[in-house]
Amino acid sequence: MLRPRKRIFKKWRRNHNLSNVEVINPVVEKYWLQRYSLFSLYNEGIQMDEEGWYSVTPEEIAIRQAQRCAGRVVIDGFTGVGGNAIQFARMHCKVVAIDIDPLKIELALNNAKIYGVEGQIDFVVGDFLQQASSLKADVVFLSPPWGGPSYKNVKKFTLDLLKPKDGYSIFRIARKITPNIIMFLPHNVDLRQVKELAWLSNPTLPLEIEGNYVENNLKGITAYFGNTTRTTRLR
């Protein structure tokens, strides 16, 4: 006999167009049960692929990150299904949302329409790491793939585990656009390495590290560099 939540989940699946992904698995079910913390307007037509379920920034955290950038031009280098891009746009930012996966961009556009902010976001199918040299912005937001839910099994998550390149390389590429960088990283990341990103910059960058909680659960940490820190907030 199915447990009640399994029965509800199967009914939900029949009523949604998710034929392109396998959603009946423990990872997706876990995040589906937290769907309103990912998108408060989930029931209005939010669309996700399997990776999106475990990689999108919870909305409460995305709002806090976006508040540091109100009214600025922001590049979201690994936009996924659009959770961060939407919140930046809601803070009156002009957003360039980049993802190498065309499906992710399609889903992100749909989700931005649900929030009524699609007009403030330029959606780009492409590789941020290759396009960065031609980009300009006030802030770069980086939430590169953490390698899937298995990151939790690592005692200390090192920056070389980020995808598609190590965190040092990704940061250096973003640094060529602007010193004002926000990185969303696993809660078990090696903080010494995060601090090195600021120390190794020339000149050394201001750094603020924030623990991000949802319902008293630590979901990740956000590293604010340059003028995104509280003491040097963008004006």
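The largest pocket holds about 790 Å³ of space. This is a predicted model, in which local features need pLDDT of at least 70 and side-chain atom pairs count only at pLDDT 80 or more, while totals for chains, interfaces and linings use all residues. Residues are numbered from 1 along each chain as its sequence is written, and side-chain values use heavy atoms, leaving out hydrogens and water.

A pocket here is an open set of points on a 1 Å grid over the protein atoms alone, where a 1.4 Å probe fits, with protein on both sides within 12 Å along at least five of seven lines; lining residues have an atom within 4 Å of a point. The volume is the space filled by probe spheres set on the points, which are joined across faces, edges and corners.

In the largest pocket, 45 residues form the lining, and Tyr54, Ser55, Val56, Ser143 and Pro145 lie nearest its centre. Among the elements that give two or more residues to this lining are helix H2 (26-32), helix H4 (50-55), H6 and strand E7 (217-225). H4 provides the largest share, four residues. By class, the lining has 20 nonpolar, 16 polar and nine charged residues (Ala, Val, Leu, Ile, Met, Phe, Trp, Tyr, Cys and Pro count as nonpolar, Asp, Glu, Lys and Arg as charged, and the others, Gly among them, as polar).

Helices (H or I, at least four residues) and strands (E, at least two) are DSSP runs, numbered from the N terminus. Now to how some of the helices pack. Axes are lines fitted to C-alpha atoms, for helices over the stretch in contact, and angles run from 0 to 180 degrees between N-to-C directions.

| Helix pair | Angle | Axis distance |
|---|---|---|
| H5 (59-66) and H6 (83-90) | about 45 degrees | 8 Å |
| H6 and H7 (102-115) | roughly 35 degrees | within 9 Å |
| H9 (167-175) and H10 (191-199) | roughly 30 degrees | within 11 Å |

Where H6 meets H7, Ile86, Gln87 and Arg90 in H6 touch Asn111, Ala112 and Tyr115 in H7.

Methods. Contact means heavy atoms within 4.5 Å.
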